[in-house]
Structures are given as structure tokens and as C-alpha cells.
Amino acid sequence: MKVLQVCAEIFPLLKTGGLADVCGALPGALVRRGCDVRVLVPAFPAILRGVPDAKPLATGGELPDGGRLLLGTLPGTGVPLYLIDAPALYAREGNPYADEAGQPYIDNHRRFALLGRVGALLADGFDPSWSAQVVHGHDWHAGLAPAYLRAAQLHSGRRQAGSVHTVHNLAFQGTFPLDVLGELGLPADFYQTHGLEFHGQVSFMKAGLHYADRITTVSPTYAREIQGEEQGCGLDGVLRARSGELSGILNAVDDAVWNPAIDELIPARYDGRRLAGKGRCRLALQSSFGLGPQTDRPLFGVVSRLTEQKGFNLILEGLPQLLERGGQLVVLGTGEPGLIAALVQAAKTHPGAIAVKVGYDEELAHRVVAGVDVMMVPSRFEPCGLTQLYGLKYGSLPLVRKVGGLADTVVDSSLENLDDGSATGFVFERFEVDDYVAALRRAFALFKRKGEWQEVQRRAMAQAFDWDAAAAQYIAQYEHIAA
Ligand code: ADP
Ligand code: GLC
């Protein structure tokens, strides 16, 4: 089956978050299960530099409104990668969505409409040598692909491909003022409640949710949550109406990238049977951050976008309790200036106990995940979350809120869960500092019981979150809808 993945970021070429990890790992897993997969991305500078074999299609690949389509290979996978080379829209360094001041680019509607449009063209003979039977788009950036497919079907009377739209984060919807409509080249009557209209604006996410044959999101719990008002971000009605076509498929861990037994980015390698290397990773992390070399209290870590979503107000409010008990904290992240200021101030006030690195650093992310005892992800909402999965894999027990994918992947170290051998981390329910601190206290308590801690660590490391299982579920979706 010929499947086109459509996305805005992809590991290892360009990454702002978990979306890139997923889009980098899923294609290979689908190929291993026999799919004929290609990926379509905008040719942002980092992507173009990373695909040295990219060449225009044999036909020249000239696109209708300028620019051309290149074809190369996604490094490390052999998966064919289409690149939309339209410099006027994409030749901008850094973050693919926003300028240096963090302002979304004012032509984002044109930049990502083109992504969706070319996605649909690749199901309609634009590349004479390969045509998609399923177009699978990720997040709002690819949300118009199913709308263009529907428009082409109405125009030609022929269905070109089935479509899947995956929601990685419903909080980002790609909404634009109504006056962009004329630039999208879609039929005027697509602008309606049962279409891409959202409170008088144009919503790329809603287009994906409305026009795709199937909707998926990245965990079963989030699939339920977004059908309710609290987490539906205004689109819960649309999602409820399509609940029969909506499913949650849990993300996984790319074993070739996140695996302590072979990870060359960390100071020492280890696995569940030989944990000594983890101790060396911990010591190296403490030393590189100027933290005391203590071993008798837990070292907590966060690798994250610094946003409200990720629960930093709980971490900040709970700092006195963490410090009082002799814990240490390492934060690697970048994001909202207010959170950065608060974290940097905390590190200044408590040198030796709290360390903060502001920035985006892939190698350091591996060293933090390997070096800490506890990975913290106390999110307000979390579609899936990958850092808690990396924490499990590296024996760094996740401390998470029971929400979204976090609820689906971590089991609390309550007495009964320790007793029946299911505990893998620390889980709290309400988004309240008291609940968070109670989980923190469970982490301190378990850490004192070295034998039990290691038992939970080994169980965590043995959890299987592999892409093969996720790929099988995506393929089941594709089989229903392939053209
Ligand atoms: P989200 O996609 O919501 O940001 P995820 O947990 O799904 O959250 O994925 C985050 C990904 O981004 C992980 O691979 C994590 O290691 C990485 N990451 C986040 N912040 C940083 C950072 N400052 N430096 C390096 N990697 C980071
Ligand atoms: C989004 C979500 C995160 C998820 C990631 C990959 O960025 O915030 O929870 O893990 O996408 O699906």
C-alpha cells in the first residue's frame, strides 16, 4: 500500500518537539511492515541541508504557483522524502513556524496550505512514478490535505486517495482570519460550519478533522478527553460527531535513537541488568551542572518546552518541598520568558541544588534523561508525551499527572502497585500542588528503599513501547480507506 506522510518537522532534520520524533520514526516502522511509504515536508533550510541527494522530479516538479518538488531520502532510513522547494515561503532559518521574536509568520496560511495542497497532488499523478493511496497528515500544518483531496474528488468525480489526520496537540489549531480564504484555492462552500469555518475564522485543524476519512490522536486517553469540553479546545463537538472514525494510537520510542544500551550521546551505556553505567551518567550530569555529588536523595529532571501546558507552575510551587527533602533538580528547556525567568532565579537562589539550561540541545536531552532518577512531566494536558517514555526506557522513573498519554503509560508506585508488581513511576490525579507534592514524597520514600527502587527501575526499562505495534494499528486504519 502506498502511503504519504505529510508533516512540518521530522527528526533528525528539524525538530521543535515530539511531533518530529514521531514523524521520523513512524515511516520506517511502516516500511518494516510492508508499506510503500514516502514523506512530504517543506524544504526548510535545515531539511534541505540534511538531504544532500534531493533532486527535482524527473518531470521537473514545477508546482502550480512557483517552486518545485524535490525527491531525496530521509537520512538513516532509506525512506523517500519529497521536499517542497519554495524559497519565498520556506527559506527561513530556525523555528519553522515563527520568527526570531517568536511571532508566527504572517504568511503561515500560505506556507502550510501549500504543504496540504502538494500532499493532495501526490495522490493525483503529480509524480508519474508514484501516487499515494493514503495521505496521512500530522497536526494543523497538514490539515488542509484532506480538504484539497475532497475538492479534487468533487472536481473530477474520482476519489484519489483515502486520508488520515493525526492530532498531536489540539491546542494548536492553525486559525487564520477569514480574508485568507481567497488565497487557499478551495471551493467557497467549504467555508461553513461543516467545513473549515471556526468562529468566523478559517481553521486548518478543523479542516483535517472534518474532511479526513479517519482521525487519530496519539493516545487512547487523549482520544476520549478531546471529545469533552474541558480538553476539546472548542472542537469537541466536531470530534464527538466523528467519534466512530476517531481512535487513539499510542506513540512509541525509536529504539535506534533512545536506548541506553547503545546511546553514544551519554557518558556510559547501561541496561536493566547492568545499571552501573547509569550511576556514571548521574555523576557526570551533576558535575557538569555544578550540582553536589550526593547519591542518597533523588535527582529530578525536566526536558521540555517551557509552557503552561507542561505544569511548570506545579514544579515551581513545589520547589520548597523538593529542596527541604534534599532533592536536586535539572531543567533543560526553552519557551515562555516568564517561566525562564522564574526557573533561572530559582537556580541562582539554590546553586548546587537546582540547575537550569535554557536552550534546545539534543545531546544534553539524552544526558539529562540518562542521568536523573526521576523524569518529571506534571502536565496540565498531554496528548501523549515522549519524555516519560524515554524516562521509562532509561530507568529514570517518570513522575506524571494522570492525563492524556501520561495516564496510559505510567503506573504509580502505590503500595498495592508495588505489591502486585505493576509500578513504573509516580502518578498524581488533580492539577493541584498538594497532589503533585504527594507524588514527590512517594518518590523520596521509594528512593530510600534501594532494592525496591531498582525493581521498579528494571520493570520500567522492560516496558515495550515499540513502533511496530503502533505501525500495525495505523495500517489497520489505512486498510479501511485506501483508494
Ligand atoms: P511536546 O511535543 O509536547 O513538546 P513530547 O514529550 O512529545 O512533548 O516531546 C518532546 C520532545 O522534544 C522530546 O524528544 C524531548 O526530548 C525534546 N525536547 C524538548 N525540549 C527540549 C530541549 N530544550 N532540548 C532538547 N530536546 C528537547
Ligand atoms: C505533541 C504533544 C505531545 C506528543 C507529541 C507527539 O507535541 O504535545 O504530547 O507526545 O505531539 O505526538
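Predicted model: local features only at pLDDT ≥ 70, side-chain atom pairs only at ≥ 80, totals over all residues.
View 1. Helix α1, strands β13 (299–306) and β14 (328–335), and helices α14 (362–371) and α15 (387–393) each bring at least two residues to the shell around ligand 1. β13 has the largest share, with three residues. Count up the whole shell and you get 20 residues, with K15, G18, D21, R305 and G359 as the closest. By type, they split into six nonpolar, seven polar and seven charged.

**View 2. Polar contacts of ligand 1.** Here we zoom in on the oxygen atoms of the ligand. One oxygen atom of ligand 1 has a polar side-chain atom of K310 2.8 Å away. Domain 1 (2–252 + 467–482) and domain 2 (276–461) both contribute to the shell, so ligand 1 sits between them.

**View 3. The surroundings of ligand 2.** This shell has 14 residues, and H168, N251, E382, C384 and G385 are the closest. Six are nonpolar, six polar and two charged. Helix α1 turns up again here, giving the most to the shell around ligand 2 with three residues. As domain 1 (2–252 + 467–482) and domain 2 (276–461) both supply residues to this shell, ligand 2 lies between them.

**View 4. Polar contacts of ligand 2.** Look for N251, where a polar side-chain atom comes 2.8 Å from an oxygen atom of ligand 2. C384 uses a polar backbone atom, 3.0 Å from an oxygen atom of the ligand. In Q309, a side-chain N or O atom is 3.5 Å from an oxygen atom of ligand 2. On its own, ligand 2 has 310 Å² of accessible area, and the protein covers 92% of that.

**View 5. Helix α1, a mostly covered helix.** Of the 15 residues in α1, 12 are buried, among them L19, D21, C23 and L30. At 1.5 Å a residue, α1 (residues 18–32) should span 21 Å, and its end C-alpha atoms are 22 Å apart, so the two agree. Just past the helix, G34 takes a positive phi of about 95°.

**View 6. Helix α18, residues 433–448.** This 16-residue helix runs 23 Å from first to last C-alpha, close to the 22 Å expected at 1.5 Å a residue. Its buried residues include Y436, F444 and F447.

Notes
Residues numbered from 1 in each chain as written. Chains lettered and ligands numbered in written order. Heavy atoms only, no water. Helix = DSSP H or I, 4+ residues; strand = E, 2+ residues; numbered from the N terminus. Expected span 1.5 Å × (residues − 1). Buried < 20%, exposed > 50% of the residue type's maximum accessible area, 1.4 Å probe, protein only. Near = heavy atom within 4 Å. Polar contact = N/O pair within 3.5 Å; in protein donor to acceptor, adjacent residues only side chain to side chain. Areas by Shrake-Rupley, 256 points an atom, 1.4 Å probe, with all protein chains shown as cover. Nonpolar A, V, L, I, M, F, W, Y, C, P; charged D, E, K, R; others polar. Domains from an automatic or database assignment.
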